[in-house]
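Take a look at the protein below. This report walks through its pockets and its nonpolar cores.

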Amino acid sequence: MQELSDVIKNIKRFRYTELVGIHCHIGSQILSPEPFINASKKVIEAIQIFRKNGFGISAINLGGGFGIPYEPIEKPLNFKPIIDCYKKLKDKYNVEIFLEPGRFFVANAGYILTRVIDKKQRNHLPIYMIDAGMTENPRPALYNAYHHIEPLFEINGRRFKIRVTGPLCENADEFGVFNLPELNIGDYLLIHNSGAYTRTMASTYNGRPLCAEYLIDSRLRLIRKKQPLRRLIEDE
Ligand SMILES: Cc1ncc(COP(=O)(O)O)c(C=O)c1O
């Protein structure tokens, strides 16, 4: 807030621009309402300071950061206090509210369908190597993100601690250790919550073409073909 007086001085120097709103983005994958409520208190302070200085703030963008449960033990974000707070902000300060919910809308709408391509053992822990890796979903390799993995078809029976790795030549090409049933090479698995920050972060590292994408609405539709090998090598 201390910096606002400098910001105001600078904005007043612009003859052809008009300040109409404030944007605020506090972080990512937040699963409790308090940080959003605290941030809107700061935004209210900023509205008051700007208005005192003659700026008619009419819009507030409160950004994204609304988290989703990636791990089965995580609870969904309780939106009720956030909505109550945003409604009060809108009514009391007469501003239009914009949000950037990013992952919240799309993460759990997407899955990566993959298959077991190899089985081995390292340090007494069985390993399933799958045909998806850090090229299709770099989040676990980049920042240790958890993506739940389950067999596509329900399999009853004992489950074991199994390390799931991708097929690349990197130590970081690994999804973590999961409780999985005995699977065979060729069996299908689903990597959950793959609708956000996966295809957009995907790469063709190790000469792996970008994978095909399907949309399931009333039927199964191919919406993006697997990258042809020609496209992969034409810029080499
Ligand atoms: C300005 C801004 N808005 C929205 C988002 C979306 O965040 P998320 O997908 O975590 O909700 C980001 C991501 O960091 C961001 O930087």
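Predicted model: local features only at pLDDT ≥ 70, side-chain atom pairs only at ≥ 80, totals over all residues.

Residues are numbered from 1 along each chain as its sequence is written, and side-chain values use heavy atoms, with hydrogens and water left out.

**The domain**

An unreviewed UniProt entry places "domain: Orn/DAP/Arg decarboxylase 2 C-terminal" at residues 108–195. Such annotations may be inferred rather than shown by experiment. Over residues 108–195 the chain is 44% strand and 6% helix. Helices (H or I, at least four residues) and strands (E, at least two) are DSSP runs, numbered from the N terminus. The end C-alpha atoms of this stretch are 6 Å apart.

**The pockets**

A pocket is an open set of points on a 1 Å grid, where a 1.4 Å probe fits, with protein on both sides within 12 Å along at least five of seven lines. Lining residues have an atom within 4 Å of a point. A volume is the space filled by probe spheres set on the points.

| Pocket | Volume | Lining by class |
|---|---|---|
| Largest pocket | about 1,100 Å³ | 18 nonpolar, 6 polar and 7 charged residues |
| Second largest pocket | about 170 Å³ | 3 nonpolar, 3 polar and 5 charged residues |

Here Asp, Glu, Lys and Arg count as charged, Ala, Val, Leu, Ile, Met, Phe, Trp, Tyr, Cys and Pro as nonpolar, and the others as polar.

Which strand gives the most to the lining of the largest pocket? Strand 4 does, with 4 residues. Strand 4 spans 112–122. Strand 4 and strand 5 (125–130) each supply at least two residues of the second largest pocket's lining. That lining includes Lys120, Arg122, Ile127 and Met129.

**The cores**

A nonpolar core is a set of buried Ala, Val, Leu, Ile, Met, Phe, Trp, Tyr and Cys residues joined through side-chain atoms within 4.5 Å. Buried means under 20% relative accessible area (1.4 Å probe, protein chains only).

The largest core has 25 residues, and Phe50, Ile57 and Ile60 have the most contacts inside it. Helix 1 (4–13), helix 2 (34–52) and helix 3 (80–93) each give two or more residues to this core. The largest share, 6 residues, comes from helix 2. Apart from this core lies another, of 14 residues, among them Ile130, Val164, Leu183 and Ile191.

Notes: Buried < 20%, exposed > 50% of the residue type's maximum accessible area, 1.4 Å probe, protein only.
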